[in-house]
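Please open the model in your viewer and keep the selection panel at hand. The tour starts with one residue and then widens to the whole chain.

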Amino acid sequence: NMEVLTDKSIIITLAVPAFFVLIIIEYFYGIFIGKNTYRLNDTLTSISLGMISRFPVMLNLGVQSVIFIYISKYLSLDLLSVKNPLTWIIAFLLYDLSYYWMHRMHHEIKILWATHSVHHHGEDFNLATALRQTSTGWLWKWIFYTPMMLIGVPGEVFVTVAGINLVYQFWVHTEHIGHLGFLEKIFITPMNHRIHHAKNKEYIDANYGGVFVIWDRMFGTYTPQRKDLKPVYGTATPLNSWNPIWANFQVFSIMLKDSIKTKSWKDKIKVWFAETYWRPDDCVEEKNPKDFYKKFNPKISSDIKLFSVTQILFTTTVFNLVFINASLLSTYEIVLFGISLVALASLTGFLMQGRKIAYHLILGFSVISIIGIYIYDPINMTLIASKFLLAQLSCNILTVTGILFFQSLSNNKVVKA
């Protein structure tokens, strides 16, 4: 069974724990030099989105595997042998070239941008931003790699170079590394990738390569950073939310609304396949130029900050245990862990927007989940991941109950005063 997935590789499995360690190191380094590039809310959302994005991979969603296996068996030209060292070099270059065109098209065609925009919502630029990945990319990302299957890139070679390519892209999401000399002419680096994430009109839609920037230079999409123009990160239409579900469906929602609202039947279709910035004339909304530099940053109390950090520590631990031991879990168990992660991440995001009702929702979800676990026994409780999830739900009940109790006491004191 050849599970040929563009981002399913043992290399990624091994790299994920290292990613979290490097994020912590970058955070403390930023504080040490007086240039902290992290905000709690933006970082926790990026990490949540990264974890959620792995579940479609673990569940092998989509038709990619079936099509790649069919091409390999019946349509492949078998031009490349796994035993030939040149195969690995050719495959690595071909993968990055395919990635360039996949990435570029996802910035130029709206329905593709709908799946990719998740990665660009972040209004900070740091290593955590690299984890801000889509959960819907499996729908059509694979199409751009089918030529590699047709010429005969072996499955194991494909998965390996895909893993290396994706892991390479992690380190370029930082503001702490400046110009790297001649390397800027060949490779994607932190400096030229910062331009890719900028929403300034002078920088937008540039530097699409994964490992090599030579494709951008060849096809006219390379843009260097200007000394007089600092990149402003985020998307032209800001997300203004810490909800990972909304992050994955915001652009789909806009397209659907425009398709319903516009009176032109032609535009009802065009809205899905037009350039990413295009909207029907009767759907265009005026934007305040002052909002361009604003970051979404609702003020929240210390208890929410502390609770949110606790949630992400628990959730990250559970996720890594599930991710590393996915082969030991049934599809049903992976789905249940996924639902738990999405629910808790979404409710925590809601809480970070200052919505105190989220405490009650988290309490309700945790109580119902624990009752469900003990009555129906849906997951293997001998697994460490299951025990950590149970511990998280139990801590949620105790912590939230305590927070709500003390809040009610303080409210009573205010009323009496």
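Helices here are DSSP runs of H or I with at least four residues, numbered from the N terminus. With that in mind, and remembering that this is a predicted model, select residues 244-261, which form helix α10, and within that helix pick out Asp 258.

Is Asp 258 buried or exposed? Its relative accessible area is 2%, and because buried means under 20%, Asp 258 counts as buried.

Next, display the side chain of Asp 258 together with that of Arg 279, where you will find a polar contact between the two side chains at 2.8 Å. Then extend the selection to the residues that Asp 258 touches, leaving aside those up to four places away in sequence: besides Arg 279, these are Val 271, Pro 280 and Cys 283.

Now zoom out and colour by secondary structure, which comes to 15 helices and zero strands. The C-alpha trace spans about 80 × 55 × 55 Å along its principal axes, and the radius of gyration is 23 Å, in agreement with the value near 22 Å that a compact globule of 417 residues would have.

As a last stop, select the charged side chains, 36 positive and 27 negative, whose two centres lie 6 Å apart.

Terms used
Residues numbered from 1 in each chain as written. Predicted model: local features only at pLDDT ≥ 70, side-chain atom pairs only at ≥ 80, totals over all residues. Heavy atoms only, no water. Helix = DSSP H or I, 4+ residues; strand = E, 2+ residues; numbered from the N terminus. Buried < 20%, exposed > 50% of the residue type's maximum accessible area, 1.4 Å probe, protein only. Polar contact = N/O pair within 3.5 Å; in protein donor to acceptor, adjacent residues only side chain to side chain. Contact = heavy atoms within 4.5 Å. Rg over C-alpha atoms; globule rule 2.2 N^0.38 Å. Lys, Arg positive; Asp, Glu negative; His and termini not counted. Charge placed at Lys NZ, Arg CZ, Asp CG, Glu CD.
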